[in-house]
Amino acid sequence: MLSQVYHCGLQPFKQRLLPWVKCTAFSRSPTDHVQTSAIRHVRSWSNIPFITVPLSRAHGKSFAHRSELKHAKRIVVKLGSAVVTRGDECGLALGRLASIVEQVSVLQNQGREMMLVTSGAVAFGRQRLRHEILLSQSVRQALHSGQNQLKEMAIPVLEARACAAAGQSGLMALYEAMFTQYSICAAQILVTNLDFHDEQKRRNLNGTLHELLRMNIVPIINTNDAVVPPAEPNSDLQGVISVKDNDSLAARLAVEMKTDLLIVLSDVEGLFDSPPGSDDAKLIDIFYPGDQQSVTFGTKSRVGMGGMEAKVKAALWALQGGTSVVIANGTHPKVSGHVITDIVEGKKVGTFFSEVKPAGPTVEQQGEMARSGGRMLATLEPEQRAEIIHHLADLLTDQRDEILLANKKDMEEAEGRLAAPLLKRLSLSTSKLNSLAIGLRQIASSSQDSVGRVLRRTRIAKNLELEQVTVPIGVLLVIFESRPDCLPQVAALAIASGNGLLLKGGKEAAHSNRILHLLTQEALSIHGVKEAVQLVNTREEVEDLCRLDKMIDLIIPRGSSQLVRDIQKAAKGIPVMGHSEGICHMYVDSEASVDKVTRLVRDSKCEYPAACNALETLLIHRDLLRTPLFDQIIDMLRVEQVKIHAGPKFASYLTFSPSEVKSLRTEYGDLELCIEVVDNVQEAIDHIHKYGSSHTDVIVTENEKTAEFFLQHVDSACVFWNASTRFSDGYRFGLGAEVGISTSRIHARGPVGLEGLLTTKWLLRGQDHVVSDFSEHGSLKFLHENLPIPQRNTN
């Protein structure tokens with residue numbers, strides 16, 4: 001039935017289809033049609049994430065930024081020969097093709113209009129013809145010469161047009177079978193350059209494609225290589241690109257069909273500033289018209305008609321016609337399974353062609369500036385780095401009014417859009433700025449003996465001495481949400497430790513971050529290292545920043561647990577320092593002081609509930625239930641308007657309990673608290689290890705032995721006795737400030753201050769020493785004597 005419906009729908013325009021158009025529909029039952037509709041409605045059959053976006057825009061101007069590509073409605077995907085064929089050039093890369101078809105189907109079922117320009121007919125035909133020739137030769141030789149000469153059979157050179165003729169039907173049949181799996185109909189269209197010179201044929205082609213798209217059919221277009229004449233050099237018409245290969249065909253179709261996006265897939269990542277594979281080659285993220293002079297074109301693809309120069313020419317022509325273009329790698333096994341959907345989602349994949357140049361430097365350029373600026377910063381004298389930080393502290397108080405005015409703009413724009421805890425983090429005040437200035441001066445004082453400090457000296461042999469010294473990590477990427485006060489803190493720590501710094505703040509704090517960064521650069525300028533701290537203001541997605549493993553040495557996220565988890569997932573080859581959750585516990589022992597408990601619980605939970613070091617779970621010793629101490633805790637929480645969630649064990653003791661907790665592993669970040677009952681200190685420790693996040697955990701008791709047992713056995717970054725969880729902070733620890741609190745067990749743990757941003761290197765000073773001198777019959781022996789460490793003057 002559905003087949004009849006489709007064919008009936010095609011009848012009005014089948015009479016005017018060009019001779020080289022083959023329309024394909026698939027027979028299905030009426031129930032199949034219902035299932036197809038349901039699939040298209042739910043759109044949950046694929047493992048590729050589905051994104052719903054508004055898909056309407058007036059054609060005529062290409063997208064200016066990658067982030068806008070998600071709005072593309074009509075998309076052409078060009079598959080180069082290297083993408084479609086196997087490495088031996090005989091046959092198709094079936095797994096790769098299946099992945100591409102899945103991605104195209106996902107986008108088609110999102111309501112987009114997808115078109116494929118595909119190569120592969122020649123390779124598929126070559127495979128079929130070689131098989132037929134081998135079979136024919138083997139039969140003849142078996143009849144005349146026996147089996148002994150089969151190994152000597154030679155395959156003649158196969159003419160490309162013949163291969164194309166033999167392969168076109170098979171290639172289309174393969175696409176049909178693959179698209180059928182996703183209930184999508186496909187249609188084949190074969191064209192030549194001459195067809196574009198005939199106005200009537202161009203109109204017919206345009207009408208056919210529009211009708212296919214209207215019926216939710218994916219057109220699969222290819223040059224008719226069985227009859228195509230040899231390409232003529234420099235045969236482009238004025239203002240119109242000549243169809244010499246599938247690159248120019250894709251560009252021509254994209255413009256004539258007023259396509260929003262053209263994706264050109266090849267066997268290279270995109271455009272490079274020098275031949276790919278050379279030591280200095282760098283992928284060009286965004287290519288602008290007029291940049292051709294900065295690109296060196298290498299040889300063409302291993303198969304196919306066009307090289308990268310042809311692709312760039314076609315891309316620029318399409319861009320001029322109002323179609324955005326991305327050239328990317330469709331063969332890499334790690335990315336080919338999602339390269340098309342990644343591009344449409346605006347991720348940094350391949351080279352994006354844009355007519356709009358950004359006002360400032362790209363993030364790659366900022367990374368290079370931070371690297372070179374950080375190295376210059378590390379060579380300054382400790383006193384000079386301290387002077388920069390002191391100057392920044394002065395600027396925070398001297399420019400207080402300008403900072404608060406910028407922050408007021410952020411607060412006004414965020415009102416009604418951000419939750420109350422985030423608004424509180426966003427807010428700056430005179431007292432906050434004064435505290436920041438005090439903290440920065442502490443950092444300046446402690447930075448005198450940071451970079452270049454000798455940790456160990458060893459005499460390896462006579463006149464051969466080894467030193468281990470502290471050095472900066474390199475370039476830090478700090479991503480933070482809603483907390484503009486984080487910027488000067490982190491900047492001061494980076495300056496003190498000699499690290500280059502990339503900062504990515506949330507857009508909700510854009511005005512505050514801008515002025516704080518300007519003040520930071522003003523302070524850095526006094527010693528000529530202004531570029532060491534960079535604020536990323538481009539539309540760079542966090543996930544894209546996490547891929548810059550050649551520029552960034554450490555990522556430090558400051559924000560929600562979801563942000564931290566997303567960054568940890570997105571980071572490719574770059575270590576991430578931080579904690580994904582701050583599930584802090586307080587265990588109230590049976591020997592706890594009545595006077596201390598309520599003060600500690602109130603401060604830990606209510607002083608700043610949005611902080612990562614705020615109390616989230618209160619563990620009560622069973623013997624304290626129905627005692628005055630327990631009643632005081634509950635009364636205090638009620639007065640502070642804290643919502644209580646009962647743990648399973650606590651709920652079992654109550655006739656009418658509060659709402660039972662959904663999960664014992666919850667960070668509320670608000671005036672909410674889980675209460676659970678435990679039998680003893682060991683059960684409290686076991687609970688913390690099972691449900692905690694290794695952040696900060698506290699015991700309240702007057703029994704020193706019990707307290708020491710808790711301190712030694714709880715495996716968290718911070719473990720306290722009779723102290724608020726809120727003390728887990730770099731400023732309160734006397735570190736001046738912190739870049740964050742780390743719950744990892746490598747390098748740095750707990751509040752990470754200046755020391756956590758340093759690593760070490762080894763310095764060996766010798767006099768013509770070689771390892772062979774220390775062999776069994778050599779003239780030298782290892783001494784390995786520990787030498788005294790010189791004390792640096794920090795006054």
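Reader: Is His-695 buried or exposed?

Author: Buried means under 20% relative accessible area, exposed over 50%, and partly exposed in between, with a 1.4 Å probe and protein chains only. His-695 has a relative accessible area of 0%, so His-695 is buried. This is a predicted model, in which local features need pLDDT of at least 70 and side-chain atom pairs count only at pLDDT 80 or more, while totals for chains, interfaces and linings use all residues. Residues are numbered from 1 along each chain as its sequence is written, and side-chain values use heavy atoms, with hydrogens and water left out.

Reader: Where is His-695 found, and what does His-695 touch?

Author: Helices (H or I, at least four residues) and strands (E, at least two) are DSSP runs, numbered from the N terminus. His-695 sits in the loop between helix H24 (681-691) and strand S20 (696-700). Contact means heavy atoms within 4.5 Å. Not counting residues up to four places away in sequence, His-695 touches residues including His-579, Cys-584, Cys-612 and Cys-718.

Reader: What is the relative accessible area of Leu-79?

Author: Leu-79, in strand S2 (residues 74-79), is buried at 0%. Its C-alpha atom is separated by 5.3 Å from that of Leu-265, 186 residues apart along the chain.

Reader: How many residues has the largest nonpolar core?

Author: In soluble globular proteins, nonpolar side chains tend to be buried together. A nonpolar core is a set of buried Ala, Val, Leu, Ile, Met, Phe, Trp, Tyr and Cys residues joined through side-chain atoms within 4.5 Å. Here the largest one has 50 residues, and Ile-388 and Leu-377 are among those with the most contacts inside it. Helix H17 (residues 486-497) gives the largest share of this core, 9 residues. Leaving aside neighbours within four places in sequence, Ile-388 is in contact with residues including Leu-377, Ile-495 and Val-529.

Reader: How do the axes of H16 and H17 cross?

Author: Two packed helices are described by the angle between their axes and the distance between the axes. Axes are lines fitted to C-alpha atoms, for helices over the stretch in contact, and angles run from 0 to 180 degrees between N-to-C directions. The axes of helix H16 (residues 430-446) and H17 come within 10 Å and cross at roughly 10°. Therefore H16 is roughly parallel to H17, a term for angles under 35 degrees. Leu-436, Leu-440 and Ile-443 of H16 make the contact with H17 residues including Pro-488 and Leu-493.

Definitions and conventions: Parallel < 35°, antiparallel > 145°, perpendicular 65-115°, else oblique.
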